[in-house]
Amino acid sequence: MNTPGLQPERTALSWQRTLLAATVALAVSARSAAGRHSAAHTATALAVTAVLVALVIGAVLRHRRFRHRPADPRPLPHSIAASLCAGIGVAAGCALLTLS
């Protein structure tokens with residue numbers, strides 16, 4: 001019997017850790033947006049929310065694949081990666097606007 005190793009489990013756990021970090025970032029940006037009513041703060045909170053949604057979808061997909069077939073080598077859909085990259089870029093840009 002071919003054992004797949006621990007890599008799929010580590011990948012699933014890393015998705016969970018990333019999701020937790022994004023949740024904390026959303027809480028911080030939402031608190032900042034609630035304290036200061038500016039468009040940049042609101043845009044930052046919305047962008048981090050979009051990233052969090054994409055992370056949830058990615059984590060759920062990865063967890064389902066790990067449960068059914070731990071050695072499934074297929075990558076996640078490109079739309080999830082593209083939305084994560086775009087969301088992180090927009091959130092970083094909006095966060096930079098809030099610093100001034």
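## Basis of the values

The model is predicted: local features need pLDDT of at least 70, side-chain atom pairs count only at pLDDT 80 or more, and totals for chains, interfaces and linings use all residues. Residues are numbered from 1 along each chain as its sequence is written, and side-chain values use heavy atoms, with hydrogens and water left out.

Helices are DSSP runs of H or I with at least four residues, numbered from the N terminus. In soluble globular proteins, nonpolar side chains tend to be buried together.

Trp15 touches Leu55 and Leu84, and also Gly58, Ala59, Arg62 and Leu76, when residues up to four places away in sequence are not counted. Contact here means heavy atoms within 4.5 Å.

## Thr44 and the cysteines

Thr44 belongs to helix H2 (residues 39-68). Its relative accessible area is 9%, so Thr44 is buried (buried means under 20%, exposed over 50%, partly exposed in between, with a 1.4 Å probe and protein chains only). Leaving aside neighbours within four places in sequence, Thr44 is in contact with Ser29, Ala91, Cys94, Ala95 and Thr98.

Cys94 is also buried, at 12% relative accessible area, whereas Cys85 counts as exposed because its relative accessibility is 58%. A search of the whole structure finds 0 disulfides, a disulfide being a pair of cysteine sulfur atoms within 2.5 Å.

## Surface of helix H1

Leu20, Val24 and Val28 make a nonpolar surface patch of about 290 Å². Such a patch is made of residues with over 30% relative accessible area and no salt bridge, with nonpolar side chains (Val, Leu, Ile, Met, Phe, Trp, Tyr) joined within 5 Å, and like charges joined within 9 Å in charged patches. A salt bridge is a side-chain nitrogen of Lys or Arg within 4 Å of a carboxyl oxygen of Asp or Glu. Areas come from the Shrake-Rupley method with a 1.4 Å probe; for residues, only the protein chains shown count as cover. Leu20 is found in helix H1 and is exposed, at 57% relative accessible area.

Ala34 also lies in helix H1 and counts as exposed, at 54% relative accessibility. From Ala34 to Ala45 the C-alpha to C-alpha distance is 9.7 Å, with the two 11 residues apart in sequence.

Methods: Helix = DSSP H or I, 4+ residues; strand = E, 2+ residues; numbered from the N terminus.
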